[in-house]
Amino acid sequence: MSDDEATGFANRKVNRQLANGLFPFVRFHKAEICTFEAARTLTLPPTPKPAPTLPRAPVNLARPLKTIQQFHEDPRYEGDYSRADFAYAIYAHSNGIDESTIIESILSRDMSKKGNAAA
(Lines give C-alpha, C1' and ligand atoms only; values in the text may rest on other atoms or scores of the structure.)
Protein backbone atom coordinates (compact mmCIF):
# COMPACT_ATOMS: atom_id res chain seq x y z
CA MET A 1 0.00 0.00 0.00
CA SER A 2 1.43 3.38 -0.97
CA ASP A 3 1.40 6.46 1.27
CA ASP A 4 -1.39 7.89 -0.90
CA GLU A 5 -3.57 4.89 -0.09
CA ALA A 6 -2.78 4.76 3.64
CA THR A 7 -5.75 4.47 5.95
CA GLY A 8 -6.00 6.27 9.25
CA PHE A 9 -8.00 6.94 12.36
CA ALA A 10 -8.07 9.29 15.35
CA ASN A 11 -6.18 8.12 18.44
CA ARG A 12 -8.92 8.60 21.04
CA LYS A 13 -6.81 7.81 24.09
CA VAL A 14 -7.34 10.52 26.71
CA ASN A 15 -3.62 10.84 27.34
CA ARG A 16 -3.11 11.61 23.61
CA GLN A 17 -5.75 14.38 23.45
CA LEU A 18 -4.32 17.66 22.16
CA ALA A 19 -4.57 20.99 23.99
CA ASN A 20 -7.30 22.14 21.55
CA GLY A 21 -9.49 19.15 22.54
CA LEU A 22 -8.97 17.22 19.31
CA PHE A 23 -7.28 13.84 19.01
CA PRO A 24 -4.26 13.25 16.76
CA PHE A 25 -4.81 11.50 13.43
CA VAL A 26 -2.82 8.30 12.99
CA ARG A 27 -2.06 6.72 9.61
CA PHE A 28 -1.48 3.04 8.94
CA HIS A 29 1.61 2.50 6.90
CA LYS A 30 1.76 -1.28 7.16
CA ALA A 31 -0.60 -3.98 8.31
CA GLU A 32 -0.37 -7.74 8.39
CA ILE A 33 -3.34 -9.95 7.68
CA CYS A 34 -3.98 -12.49 10.40
CA THR A 35 -6.94 -14.13 12.13
CA PHE A 36 -7.67 -13.33 15.73
CA GLU A 37 -7.39 -16.66 17.55
CA ALA A 38 -10.42 -16.11 19.80
CA ALA A 39 -12.60 -15.36 16.75
CA ARG A 40 -13.49 -19.03 16.46
CA THR A 41 -15.16 -18.96 19.87
CA LEU A 42 -17.20 -15.81 19.26
CA THR A 43 -20.86 -16.20 18.47
CA LEU A 44 -23.17 -13.78 16.78
CA PRO A 45 -26.13 -12.48 18.77
CA PRO A 46 -29.43 -14.06 17.77
CA THR A 47 -31.30 -12.29 15.02
CA PRO A 48 -34.14 -10.36 16.64
CA LYS A 49 -37.61 -11.43 15.66
CA PRO A 50 -39.57 -8.75 13.85
CA ALA A 51 -42.07 -6.94 16.02
CA PRO A 52 -45.61 -8.12 15.45
CA THR A 53 -47.56 -5.79 13.24
CA LEU A 54 -51.04 -4.69 14.08
CA PRO A 55 -53.69 -5.59 11.54
CA ARG A 56 -54.81 -2.66 9.43
CA ALA A 57 -58.22 -1.31 10.17
CA PRO A 58 -60.67 -2.32 7.48
CA VAL A 59 -61.62 0.44 5.11
CA ASN A 60 -65.27 1.29 5.39
CA LEU A 61 -66.28 1.37 1.74
CA ALA A 62 -69.96 1.60 2.67
CA ARG A 63 -69.74 5.23 3.78
CA PRO A 64 -70.71 7.71 1.12
CA LEU A 65 -67.93 9.97 -0.11
CA LYS A 66 -68.32 13.73 0.06
CA THR A 67 -69.30 15.46 -3.15
CA ILE A 68 -67.67 18.51 -4.63
CA GLN A 69 -70.87 20.40 -3.82
CA GLN A 70 -70.33 19.67 -0.13
CA PHE A 71 -66.87 21.20 -0.40
CA HIS A 72 -68.29 24.28 -2.15
CA GLU A 73 -70.80 24.71 0.69
CA ASP A 74 -68.25 24.13 3.47
CA PRO A 75 -67.79 27.39 5.46
CA ARG A 76 -64.07 26.69 5.88
CA TYR A 77 -63.49 27.72 2.26
CA GLU A 78 -65.46 30.98 2.67
CA GLY A 79 -67.06 30.66 -0.76
CA ASP A 80 -63.68 30.35 -2.51
CA TYR A 81 -64.44 27.59 -4.99
CA SER A 82 -60.79 27.31 -6.07
CA ARG A 83 -59.79 26.38 -2.52
CA ALA A 84 -62.78 24.05 -2.23
CA ASP A 85 -61.91 22.41 -5.57
CA PHE A 86 -58.33 21.88 -4.44
CA ALA A 87 -59.45 20.37 -1.12
CA TYR A 88 -61.92 18.14 -2.96
CA ALA A 89 -59.21 16.96 -5.37
CA ILE A 90 -56.95 15.91 -2.49
CA TYR A 91 -59.85 14.26 -0.65
CA ALA A 92 -61.11 12.44 -3.74
CA HIS A 93 -57.65 11.22 -4.75
CA SER A 94 -56.91 9.93 -1.24
CA ASN A 95 -60.21 8.03 -1.33
CA GLY A 96 -59.42 6.26 -4.59
CA ILE A 97 -61.47 8.33 -7.04
CA ASP A 98 -59.81 8.26 -10.45
CA GLU A 99 -58.31 11.41 -11.94
CA SER A 100 -60.77 11.75 -14.81
CA THR A 101 -63.73 11.70 -12.39
CA ILE A 102 -62.07 14.35 -10.20
CA ILE A 103 -61.42 16.59 -13.22
CA GLU A 104 -64.97 16.09 -14.46
CA SER A 105 -66.35 17.06 -11.03
CA ILE A 106 -64.27 20.23 -10.85
CA LEU A 107 -65.11 21.28 -14.41
CA SER A 108 -68.83 20.69 -13.84
CA ARG A 109 -69.24 24.17 -12.34
CA ASP A 110 -69.42 27.38 -14.37
CA MET A 111 -65.83 28.33 -15.16
CA SER A 112 -66.64 31.16 -17.61
CA LYS A 113 -65.27 33.83 -15.26
CA LYS A 114 -61.91 31.99 -15.31
CA GLY A 115 -61.39 32.69 -19.02
CA ASN A 116 -61.03 30.47 -22.06
CA ALA A 117 -60.17 26.89 -21.10
CA ALA A 118 -58.04 26.54 -24.26
CA ALA A 119 -55.78 29.42 -23.22
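Which residue's side chain meets that of Asp 74 in a salt bridge? The partner is Arg 76, at 2.7 Å from N to O. The model in which this pair occurs is predicted.

## Overall architecture

The protein chain contains three helices and two strands. In sequence order, these elements follow the pattern β-β-α-α-α.

Of the 119 residues in the protein chain, 16% are buried. The accessible surface amounts to about 10,900 Å², and carbon and sulfur atoms contribute 58% of that area. Among contacts with a separation of 6 or more, 22% join residues 24 or more positions apart.

## Salt bridges and their surroundings

Side chains of opposite charge can pair when their charged atoms come close. The structure holds three salt bridges.

In the pair of Asp 74 and Arg 76, Asp 74 counts as buried at 15% relative accessibility, whereas Arg 76 is exposed, with a relative accessible area of 53%. Another salt bridge links the side chains of Glu 78 and Arg 83 at 3.8 Å, N to O. Here Glu 78 is exposed at 68% relative accessibility, while Arg 83 is partly exposed at 38%.

## The link between Asp 85 and Arg 109

A salt bridge also joins the side chains of Asp 85 and Arg 109, with an N to O distance of 2.7 Å. Asp 85 belongs to helix α2 (residues 81–94) and Arg 109 to the segment after α3, so the pair ties together parts that are 24 residues apart in sequence.

Helix α3 itself spans 99–106. Both Asp 85 and Arg 109 are buried; Arg 109 has a relative accessibility of 15%. Their side chains also make a polar contact, at 2.7 Å.

How values were computed. Residues are numbered from 1 along each chain as its sequence is written. This is a predicted model: local features need pLDDT of at least 70, side-chain atom pairs count only at pLDDT 80 or more; totals for chains, interfaces and linings use all residues. Side-chain values use heavy atoms; hydrogens and water are left out. Helices (H or I, at least four residues) and strands (E, at least two) are DSSP runs, numbered from the N terminus. Buried means under 20% relative accessible area, exposed over 50%, partly exposed in between (1.4 Å probe, protein chains only). A polar contact is a pair of N or O atoms within 3.5 Å; within protein, one must be able to donate a hydrogen and the other to accept it, and residues adjacent in sequence count only if both atoms are side-chain atoms. Contact means heavy atoms within 4.5 Å. Accessible areas come from the Shrake-Rupley method with a 1.4 Å probe; for residues, only the protein chains shown count as cover. A salt bridge is a side-chain nitrogen of Lys or Arg within 4 Å of a carboxyl oxygen of Asp or Glu.
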